[in-house]
Amino acid sequence: MKEGRRNAIQVCGLKKKYRGFELSVPRLDVPEGFATALIGENGAGKTTLLNILTGIRRDFKGDVTYFGEERKLNAQTQECIGYTGPGCYFLPNWTVDQVEEISSLLFSGFHNDRFRSLCKELGIKRGLVRDVKKLSDGNRMKLMLAAALARDTQLLILDEPASPLDPLMRDKLCDMIREYLERGNGKRSVFFSTHNIADMENVTDYAVILEHGNVVEEGFVEDLKEKYICVKGEAADGERAGEILFSVSKNAYGFEGICLAENLDRLAGMDVAVETPTLSQISVAVMKANTGLKL
Amino acid sequence: MKLLQNSGIPIYQQIAEQLRADILAGKLKEGEYLPSIRGLARDLRISVITTMKAYEQLEAEGLVTAAQGKGFYVNAQDSEMLKEQHLRKVEEALLEAIRAAEIARMTEEELLGTLQALLHMEESRDTGD
């Protein structure tokens with residue numbers, strides 16, 4: 001699964017300094033043909049990273065190349081990348097029709113018919129006098145998704161696409177990502193940031209966890225699920241287990257935590273039960289271990 | 001295909017298990033291609049890497065072969081190996097029955113008697129229809 005793999009994005013020696021914060025990514029590969037999730041605390045640097053990858057931010061040190069071909073970010077590359085973000089890049093007084101008109105002028109690979117059917121599918125009411133500024137957060141996100149998916153692209157970079165959406169639409173978003181990947185037949189990739197790990201777990205192939213501007217864990221989800229293990233045990237062993245476990249929560253009845261699978265034999269002699277962790281459990285454990293916050 | 005999210009059995013194993021059963025039962029024939037990895041992921045509403053892992057497991061077991069750029073096709077199933085696989089299943093099921101019988105403190109005669117009774121029941125059902 002890893003041999004002969006191409007990268008949709010390759011980051012080398014990336015550095016971006018703000019006052020009191022530095023994003024530093026010596027190396028990051030976003031695999032081609034998969035959906036990759038970018039996970040991390042508020043302020044970990046997710047949006048900064050995604051903005052650099054999409055070209056919204058250009059003041060940084062380091063190299064970013066695309067599609068495994070040493071391609072830099074230029075007009076031709078950007079034609080292959082679709083983006084949605086927390087803000088809104090449509091002007092506030094545009095109507096849905098104008099979004100369509102201007103998108104088709106801006107991008108050669110924009111399909112008007114596909115945009116219309118996506119609007120219908122997502123329940124975006126056209127025709128009604130609706131300025132983009134009057135749309136709710138959720139509807140604005142749906143409109144951006146429709147505009148991005150109506151284009152012929154090879155890579156989608158989505159900054160928090162799930163946050164403003166309701167549960168039904170998040171489900172739909174997952175379906176749309178899977179369908180996007182399927183149509184690409186291994187050539188299309190999606191890189192999205194999210195706090196809604198549980199909702200997005202069934203569409204996540206590769207996970208990147210970012211803390212304080214550093215990548216603290218990354219890997220294919222199925223591999224991470226073998227690397228970490230979820231352990232549950234009796235209260236009496238809580239103290240001792242706490243020293244071995246990665247992150248642990250204790251109460252009067254027992255403890256529960258995540259540990260590296262390779263350290264499991266150090267729990268020998270304790271009365272514990274183990275199970276495969278979910279991506280959310282792994283993420284929370286890794287974040288807890290790296291956070292500066294006292295929880 | 002039925003996948004259970006909370007059964008404790010990893011999803012990729014559930015997929016591999018069901019495809020394996022289809023291959024051994026001859027429902028998926030020699031040379032036939034498995035559904036595409038991303039197509040199956042879309043249909044089952046799971047991640048691509050999960051279906052990929054299921055296919056890789058079947059490949060490791062020698063049931064399918066990966067063809068570069070074309071997907072996975074079903075290998076010729078050696079009839080000896082097939083028989084072996086089924087035999088293993090029978091042994092596993094019988095072992096489980098033996099353990100249950102121990103808990104219920106059944107004697108050897110009772111256990112064999114039950115097996116024979118069940119065999120007769122199956123036989124009469126088979127000839128019945």
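Predicted model: local features only at pLDDT ≥ 70, side-chain atom pairs only at ≥ 80, totals over all residues.
Residues are numbered from 1 along each chain as its sequence is written, while chains are lettered from A and ligands numbered from 1 in the order in which they are written.

Let's start with chain A, which is split into domain 1 (7-219) and domain 2 (224-290); those bounds come from an automatic or database domain assignment. Over C-alpha atoms, the two domain centres are 34 Å apart. Domain 1 brings 12 residues to their contact and domain 2 brings eight, with contact meaning C-beta atoms, placed from the backbone, within 7 Å.

Now to the two chains. Chain B puts 16 residues into the contact and chain A puts 18. On the chain B side, α2 (37-44) and α3 (48-60) each give at least two residues, and α3(B) has the largest share, with six. Helices here are DSSP runs of H or I, at least four residues, numbered from the N terminus, and strands are E runs of at least two.

Finally, which residues have the most contacts inside the largest nonpolar core? They are A:Ala146, A:Ile157, A:Ile177 and A:Val190, in a core of 103 residues. Such a core joins buried Ala, Val, Leu, Ile, Met, Phe, Trp, Tyr and Cys residues through C-beta atoms within 7 Å, buried meaning 20 or more other C-beta atoms within 10 Å of a residue's own. Helix α5 (137-149) of chain A gives the most, eight residues. Beyond its neighbours within four places in sequence, A:Ile177 contacts A:Ala35, A:Val190 and A:Val203. Thanks, everyone!

Terms used. Contact = placed C-beta atoms within 7 Å. Buried ≥ 20, exposed ≤ 12 C-beta atoms within 10 Å, placed from the backbone.
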